[in-house]
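This briefing concerns a metal site and selected contacts of aromatic rings. Please consult the sequence and the structure shown here alongside the points that follow.

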Amino acid sequence: MAVLDHTEHAGHPDLGNVRKIAMWAFLGSECLFFGTLISTFLLYHNTTGDGPTAKEIFSIPFTSVSSFVLLMSSLTMVLAHHAAGRKDWRQMRVWLLATAGLGLVFLSGQAYEFTTFVHEGLTVTTSPFGSAFFVLTSFHGGHVAIGVLMLLATTFMSFGGKLHEGQGMNVELVGLYWHFVDIVWIVIFTVVYLLQV
Amino acid sequence: MATLNPAVESATASHHGRKGVWSWMTTTDHKRIGLLYGVSSLLFFLVGGVEALLIRLQLAAADGTVLSADAYNQMFTMHATTMVFLVIMPAAAAFTNYLLPILLGARDVAFPRLNALSYWIYIFGGLFLTISFFVGGAPDGGWFGYAPLSTQVTEIVRMDYWALGVQILGLASLLSAINFITTVFTMRAPGMTLMRMPVFAWMATVVAFLLLFSLPIIAVGLFEVFLDRNLGTLFFDAAAGGTPLLWQHLFWLFGHPEVYILILPAMGIVSEVLPVFSRKPLFGRSFVIFSGIAIGFMGFGVWAHHMFVAGLGPVAEATFALTTMLIAVPTGVKIFNWIGTVWGGSVRLATPMLFSLGFIAMFVIGGLSGVTHSIVPSDTQQHDTYYIVAHFHYVLFGGAVFGLFGGIYYWWPKITGKLLNEGLGKLHFWLMLIGFNLTFAPMHILGLRGMPRRTYRYPKGLGFEFWNFIATVGSLTIAVSILIFLINAWRTKARGRVAGNDPWDGRTLEWSISSPPPEHNFDVVPVVHAEDDFWHRKYREDEEGRPVPIPGGGDPLVAGPDDPPIHLPSPSFYPILAAFGMFLTVLGLVYVPLGLVLAGVGVVTVVWGLFGWSMEPLTREEH
Ligand SMILES: [Cu+2]
C-alpha cells in the first residue's frame, strides 16, 4: 500500500523472531501428532494377526543406512544455515540442495522398503500392526517430502535477490522444521524398528 | 491539539471506504475477520437452535412423531457438532480476533493472512458439513463418533463428512491458535507485560495452547477413522485385533480440553465485565490468571471420566475420579474471585452484567453436577442418561453461551458504535434465563429416573412425559429470547443510541479509541503503565482509595508529526483461494476413488493459493 514508508520500523517486532515463535508453536503441536501416532503403533506392535511380525519383516541394516542418510542431512542443513549466516549465498544453495538430495534418498529408501514389505505380505489391511506401521511412517515420509519442497523453494527464492534481508531467517525456519522431522525419525527408528526385533 | 500525523491520515484515507463483497473476501483486518467469525457463528447458532427445537418437539410427548429415528440421529449429531465446532469455538474466535490485538495495544495479529485463512477454512468446513444434509443425510453417529459405530457402515458416507469436516475445522483452529500465541508473545504494546494483559487476553492464550496440544490428538484419531472407512485399515476393528477403546481415549484426550476451550473465553469475558460494572478491579487478579493456567494443564489429566463404564479397571477409575475432583478447585477459585469482585462494588445491573451474573450462577450448578460425575458408582448410574445432558448444557449454555452474550452486549457499542437497547436486552436475559432453566433443570430429574440419551422416543407411563413437556416449553422460551435479541440488533442498527468511545466507563485499552475503532486501531501506540491502564489514565485515587476523575484523562491520544508511520496489512485473495482448495479436497475424499480427481484439483488449488501467497509483495509481514 502507498501508505507505507519502509525506512521506519519503530514499534514493530522483529519479524524473524515472530516467525520463529510461530514455528516453535507448530512443532509443539506436531510433537503431540507424532506422539499419538507412535502410541497407536505401540498399542498394536504385537497385533499382527495372520500377517508377518516385526521380527520377520524389518531389515535393520537397510533401515540403519537410510536413517544415517537422514541424520547426515541434518548436518548439511546446519552447514546451509552457517553459510546463510555468512551471507555466502552460493555455499548456502549448495548445502540446501545437498539436504534436499539426502531427503530424497531417504524417501526412495522408504518407497523401496514399503514395496518389499507389500511383497512379503504386509499391507495396511493385513493387521492392526500393518495399519499402524504404514500410517505412522507414511505421515513421517509426508513430512520429509514437504521439507524437501521447502528446501527447494528456499533455494529457488534465493535467486530472486529481493529476499536477501530475510534469507537467513527462511533458512533458519526450514532448518528448525527439518531437524524436528529428523528427531522424530530417530524416535521412530528406535521405537518402531530397534525395540521390536 | 497537535498536528495530525500525515501517516494516520493517509492510512485512514486509503483503507477507509473499502467496501463490497470483494473487500470482505480479501480482508486481512483482524476486526473484519472477527466480525465475519461473529456473524457466521450467529447464523450457525440459529441452525443449531432449529436442530435443538426439532429434538425438543419430537420429545415433547410420549411416542413423538415429528422425527424418524434416522432424522433424530442426524439432529442430535449435528446439533452438537454445530454448537461446538461452528458456534461456540468460532464465537470465541470472533471475540479473540476482534479484541486481542486491541487489548494488547497492537494494530493487528502477528500473521494477518493466516488469520484470514483460518476464517475461510472454518466457513468452508461449516459449509461442507451442512451440504451433507442435501446429499444423502447428515452425520448420524454422534458428535463423538464412537468407533466402531462410526467406522463400520461405509456404504453411507455420512460419517466421512463428519470425520473430514471436523478435521479441517480443527486445522482452522490450529492455525489461529499459532497466530494468537505468536501475537501475545510478540505484539504487545510497550509496557504491556504479560501480567498486565487483560484477563480475557490471558484466557485466550490458555485456549490457544489447549488447541495447540489437543487438536493434533483428535487429528490422528480422525485420520484413523477415515482410513478405517476408506482404505481398510484395522485401527478400530475388534475382529482383527483392533481396539475401539483407542478411539475413546483419543477422542476424550481432545474432548475434555475442548470443554475448557469452550468455557475459558466466556470466563475471560466475565472477568472483563464484572470489574467494569462493579467499579472495582478484578479481585485476586493473578489468582484468576493462574487458575486459568492450572485448568489448562489439569484439563489434560481427566479425560477418562467420560469412560467410567468402559471397564478401565479400579486403578484408572480411582485416579481419574481424583483428578476430576481436583480440577474443580481452580474453577472454584475463579468463582470466589468473581464474587469477591462484585462484593462491595457499586454495581450497575446493565445487560452485560446480568449475563455475567447469570453465567456465574448457571456455571456453579453445572460445575457441581460435574463434580458428581467424579464419583464413579454414581456416574455409572448417570451415564448415558439425561442427567449428563443437563450437566453439560449448564456448563456450555448456562456457562459459555451466557458469557458470550454478555460479551456481545458489552462490546457491541465498541464494534458498531451504537448501544443495544437496555430494555430489550434485559428482557432477552430474563427470558433466556427462565427458558434455559425450564429446559435443562428437568433433565436432571429425567436422567435420575433413567431416561436414556440419544433415544428418539419414549413410551407412555414411565414418568417421563411431564418434565419432557416442560423442557420443550423452555426451549421455545429460549427461542423467543433469541428472537428478541435479533430484533434488538436490528432496531439498534437503525435507531440505536450513539455509544461514544467509552459508554461503560471501561478499564481496558479498547475503550480509549473510537467506536467503531479505526482500521489501524491506535493513532498512537499506547505505552502501558499499569494493569487496567485506561482506568488509571482516567482516575486517580484520593486518600481513602476512592476514584477521582482526572480532567481530560480519557481523551484519545493524538499522533504528532513525529510519530512513526502506520503499517497495515494488504488485502489478499490467496487465503480464500487456499481454503477453497481444501474444501474441494475434502469433498473429493468423501467419494473415493472417483472423487480423487476432485481432491487432486483441490490440492492443486491449495498449492496455487500458497504459492501466490508466498510470492505476494507484502507490507508488514515481509520486512
Ligand atoms: Cu470431561
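In this predicted model, the charged end of Arg32(B) is placed over the ring of Trp24(B), at 4.4 Å from its centre.

**Copper site**
- Three histidines coordinate the copper ion at 1.7 to 2.0 Å: His256(B) through ND1, His305(B) through NE2 and His306(B) through NE2.
- The sequence spacing of these donor residues is H-x48-H-H.
- Because His256(B) belongs to helix H9 (residues 244-278) of chain B and His306(B) to the loop between helix H10 (285-298) and helix H11 (314-342), the pair ties together parts 50 residues apart in sequence.
- His256(B) is buried, with 7% relative accessibility, whereas His306(B) is partly exposed at 21%.

**Aromatic pairs**
- Over all chains, the whole structure contains 73 aromatic pairs.
- Among them, Phe58(A) and Phe133(A) form a tilted pair, because their ring centres are 5.4 Å apart and their planes meet at 45°.
- Phe58(A) lies in the loop between helix H2 (54-57) and helix H3 (60-85) of chain A, and Phe133(A) lies in helix H5 (residues 128-158), 75 residues apart.
- Phe58(A) and Phe133(A) are both buried.
- Phe405(B) and Phe485(B) pair edge-to-face, with 5.1 Å between centres and 75° between planes.
- This pair links helix H14 (residues 386-416) of chain B, which holds Phe405(B), to helix H16 (residues 465-495) of chain B, which holds Phe485(B), across 80 residues.
- Phe405(B) and Phe485(B) are both buried.

Key. Residues are numbered from 1 along each chain as its sequence is written. Chains are lettered from A and ligands numbered from 1 in the order in which they are written. This is a predicted model: local features need pLDDT of at least 70, side-chain atom pairs count only at pLDDT 80 or more; totals for chains, interfaces and linings use all residues. Side-chain values use heavy atoms; hydrogens and water are left out. Donors are N, O and S atoms within 2.8 Å of the metal (3.2 Å for Na, K and Ca); water is not among the atoms, so sites may look incomplete. Helices (H or I, at least four residues) and strands (E, at least two) are DSSP runs, numbered from the N terminus. Buried means under 20% relative accessible area, exposed over 50%, partly exposed in between (1.4 Å probe, protein chains only). Rings of Phe, Tyr and Trp (its six-membered ring) pair if their centres lie within 6.5 Å; planes under 30 degrees apart count as stacked, over 60 as edge-to-face and the rest as tilted. A charge sits over a ring if NZ of Lys or CZ of Arg is within 6 Å of the ring centre and within 35 degrees of the ring normal.
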